[in-house]
Amino acid sequence: MTPQNKNRIIWGGFFFLLFLIGFSGCGSYNNMVTMDEAVTAQWQQVENQYQRRMDLIPNLVNTVQGYADFEKSTILAVTEARASVGQVKIDPSKLDANSMQQFQKAQDNLGSALSRLLVVAERYPDLKANESFRDLQKQLEGTENRITNERRIYTESSQQLNTYIRTFPKNIWASLFGIEKRTYFESAEGADKAPTVKFDTK
């Protein structure tokens, strides 16, 4: 074999190796971007359902306020929790453990306040019989179920991305391209269940 042919083989192998690395990098990058965008889109679905719950609260509060002796401290707790949620702004592309914790804490506090309000409503037979209140109960129950479902899908999407970018050599490409691990929801005990909003209207 002549030195020229040997050099051609070496350089050919080198360029072929570069091609394989580049091809692997492009494929990994495209997959990571697709999964990262899917997680971001799913986060928007989670926020949409939480916003739906927030939109129901003013009507719920107005309905129970129509009963003069309804516990004002319970209404105040719901109102303050809703205001607190409105102050937490999340950039899904920069969703880290700290921002997720703040978001989840505010939402959990609101969920707890709503649960207390609905428990107190049990003491008011006329309120339980109110058609508007019953309709709001059904809407709230459906929304809580959708929140649970969207959170589950978000966690599954995040897990898929996180697993992908931790495997070799994709972890190298993820580091180079700045694709970061997504944070999961960490449900508190019992948080996976929607608040009980079914009442005995007999």
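Q: Which residue lies over the face of phenylalanine 185?
A: This is a predicted model, in which local features need pLDDT of at least 70 and side-chain atom pairs count only at pLDDT 80 or more. Residues are numbered from 1 along each chain, and side-chain values use heavy atoms. A charge sits over a ring if NZ of Lys or CZ of Arg is within 6 Å of the ring centre and within 35 degrees of the ring normal. At 4.2 Å from the ring centre of phenylalanine 185, the residue in question is arginine 151.

Q: What is the angle between the planes of tyrosine 29 and phenylalanine 177?
A: The structure holds eight aromatic pairs, where rings of Phe, Tyr and Trp (its six-membered ring) pair if their centres lie within 6.5 Å, and planes under 30 degrees apart count as stacked, over 60 as edge-to-face and the rest as tilted. Tyrosine 29 and phenylalanine 177 form an edge-to-face pair, 4.6 Å centre to centre, and the angle between their planes is 65 degrees.

Q: Is tyrosine 154 buried or exposed?
A: Buried means under 20% relative accessible area, exposed over 50%, and partly exposed in between (1.4 Å probe, protein chains only). Tyrosine 154 has a relative accessible area of 0%, so this residue is buried.

Q: Which residues of helix 2 are exposed on the face turned away from its buried side?
A: Helices are DSSP runs (H or I, at least four residues) numbered from the N terminus. The buried residues of helix 2 are Thr74, Ile75, Val78, Ala81 and Val85. The face turned away from them carries the exposed residues Lys72 and Ser73.

How values were computed: Helix = DSSP H or I, 4+ residues; strand = E, 2+ residues; numbered from the N terminus.
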